[in-house]
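Student: Could you walk me through one part of this protein in detail? I'd like to see how its pieces sit against each other.

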Amino acid sequence: MSSHNALLKNVSIAAEDTSLVAKFDIDGNIPGQGAYVVGLVAATPDHSHQRRMGIEFMNGEAVSFYCFSHDGTEENFDLKGVEHSGSTITGYFPISTIMGLTKGHLMTAFSDCDGREYQANVPVEEAL
């Protein structure tokens with residue numbers, strides 16, 4: 001995949017009822033071949049507690065919707081919580097994925113392509 005294809009342009013999160021709604025706007029379209037992952041990294045200011053939430057695509061279709069926690073726990077969510085069309089991906093994560101993080105938490109976005117880090121530390125607009 002070329003570096004100008006599928007770059008994260010804008011990432012935002014908002015609380016909506018029992019969901020943490022994460023919206024990923026990409027430059028271009030979701031790659032139609034190979035693996036592509038977008039997600040969030042949420043951490044306490046000292047990074048002692050972290051969570052990595054992601055949506056994985058294989059050949060353009062969502063195949064995994066998950067959250068890993070620093071303590072080694074993993075949760076997989078129903079793919080019904082993922083919407084995507086062309087250049088926009090929306091994930092409806094359970095709000096519990098960020099519960100317990102302090103008010104001064106850190107939040108960044110990332111993307112991976114075919115198992116390699118593609119982008120990291122992308123700013124996230126928060127409306128919590």
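Student: Let's take the sheet and the aromatic rings. To start, what is the relative accessible area of F68?

Tutor: For F68 the value is 34%, which puts this residue in the partly exposed class. The cut-offs are under 20% for buried and over 50% for exposed, with partly exposed in between (1.4 Å probe, protein chains only). Before we go on, keep in mind that this is a predicted model, where local features need pLDDT of at least 70 and side-chain atom pairs count only at pLDDT 80 or more, while totals for chains, interfaces and linings use all residues. Residues are numbered from 1 along each chain as its sequence is written, and side-chain values use heavy atoms, with hydrogens and water left out.

Now for the sheet. Six strands make up an open sheet, in the order 6-5-4-3-9-10, with antiparallel pairing. A strand here is a DSSP run of E with at least two residues, numbered from the N terminus, and two strands pair if DSSP finds at least two bridges between them. Strand 6 (74-76) and strand 10 (116-123) are the edges; each has a single partner strand, so one side of each lacks a neighbour in the sheet. From one strand to the next the twist averages 20 degrees, using lines fitted to C-alpha atoms and angles that run from 0 to 180 degrees between N-to-C directions.

Let's follow the neighbours. Strand 4 (residues 50-58) runs antiparallel to strand 5 (residues 61-69), and eight bridges join them; I55, for instance, has F65 in strand 5 as its bridge partner. Eight bridges also join strand 3 (residues 35-43) to strand 9, again antiparallel, and there L40 stands opposite A109. Strand 9 (residues 106-113) is mostly covered, with six of its eight residues buried.

Leaving out residues up to four places away in sequence, S69 touches Q50 and R51, where touching means heavy atoms within 4.5 Å.

And the rings? There are four aromatic pairs in the count. Rings of Phe, Tyr and Trp (its six-membered ring) pair if their centres lie within 6.5 Å; planes under 30 degrees apart are stacked, over 60 edge-to-face, and the rest tilted. F65 lies in strand 5 and F93 in strand 8 (residues 88-94), so the pair ties together parts 28 residues apart in sequence. Both F65 and F93 are buried. Your F68 comes in here too: its ring centre is 5.1 Å from that of Y66 and the planes meet at 55 degrees, so this pair is tilted. Y66 is buried, at 9% relative accessible area, whereas F68 is partly exposed. Ring pairs also link F65, F77 and F93 into a cluster.

Methods
Helix = DSSP H or I, 4+ residues; strand = E, 2+ residues; numbered from the N terminus.
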